[in-house]
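Hi,

Here is the structure I promised to pass on.

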Amino acid sequence: MIALAEEMNGPMTIGDISWQRGGSSGSAQGTYNSFKIYMGLSSSDELTDTFESNYISGTRTLVYATSSQTMTAGPDEWMTIILDTPFQYNGTDNLVVEIQWAGGSNMFYTYMWETGSNRGLMNKTNIGSPTGTLYTRMSELMFTPESSLQQYSFAYIKSLW
Amino acid sequence: MGMEPTRESGVVPLTISYLIGIKYRPNKKEVQMKGLLTMGLLMITASIAGAVTVGSPDIPSMDPFCAS
């Protein structure tokens, strides 16, 4: 899926990504194996059906990986994943978010929205396939900046002078 | 023949005057402090900037977390 630059409100070091559970539909908890999240940049407002070609070359980054990911939330609550590697979003290009998982249990419903253009791409049958099916709807996503208070303490600032 | 009012310098009065916006003539050292304060406040502001939500809660969907 792809988030447009005008929706991102400028540059950000993305520390967390969240999905909002879709009311009380489905299960309150789902588990997904070999779960990975990639982020990268795109110069296009729409996706093509080939996963790799949607990225600006060299920007696809593995930001989170776990052998088993549990998604759990109450109705309409947010499920947040803290990234292993914060992603430096530049505020200029569009942001591609790609998730991969292979096998698991339950259906964890989350909210999607109709974008009106090809901003969703999924392959539900073959994780190794380079292509997928395009959709005009995509997940509602929340991006939270990494807290950097410790990194930029007054002692650090003073040392700059 | 009034005396010059005593002006206490240092980071505390500078910070107070800076935050409440009163007129204050800082000396050279205080100008540097003011620069530090500005940078610090800007960095703190940036670091606590809010989350961004893309999209809206329109369609509950089993995608992309459907493991039947």
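Below is what turned up, starting with how things are counted.

Residues are numbered from 1 along each chain as its sequence is written, while chains are lettered from A and ligands numbered from 1 in the order in which they are written. This is a predicted model, and local features need pLDDT of at least 70, side-chain atom pairs count only at pLDDT 80 or more, and totals for chains, interfaces and linings use all residues.

Chain B first. It has 2 helices and 3 strands (DSSP runs numbered from the N terminus: H or I of at least four residues for helices, E of at least two for strands). From the N terminus on, the order is α-α-β-β-β. Of its 68 residues, 9% count as buried, meaning that 20 or more other C-beta atoms lie within 10 Å of the residue's own, against 12 or fewer for exposed and anything in between for partly exposed, with C-beta atoms placed from the backbone.

Now the part where the two chains meet. The contact takes 44 residues from chain A and 26 residues from chain B (C-beta atoms, placed from the backbone, within 7 Å). On the chain A side, the elements that each supply at least two residues include α1 (5-8), β7 (104-107) and α2 (154-159). By class, that side has 23 nonpolar, 16 polar and 5 charged residues; Ala, Val, Leu, Ile, Met, Phe, Trp, Tyr, Cys and Pro count as nonpolar, Asp, Glu, Lys and Arg as charged, and the others, Gly among them, as polar.

There is also a sheet with strands from both chains: an open, antiparallel one of 3 strands, in the order β11(A)-β8(A)-β2(B). Strands pair here if DSSP finds at least two bridges between them; β8(A) and β2(B) have 3. Across that pairing, T110(A) stands opposite S61(B) and Y111(A) opposite P60(B). β11 (137-139) of chain A and β2 (59-61) of chain B are the edge strands, each with a single partner, so one side of each has no neighbour in the sheet.

Finally, the largest nonpolar core has 35 residues, and I14(A), M39(A), L95(A) and V97(A) have the most contacts inside it (a core being buried Ala, Val, Leu, Ile, Met, Phe, Trp, Tyr and Cys residues joined through C-beta atoms within 7 Å). The largest share, 5 residues, comes from β3(A). Beyond four places away in sequence, I14(A) touches M39(A), L83(A), P86(A), F87(A), Y89(A), F143(A) and P145(A).

Cheers

Definitions and conventions:
Two residues are in contact if their C-beta atoms, placed from the backbone, lie within 7 Å.
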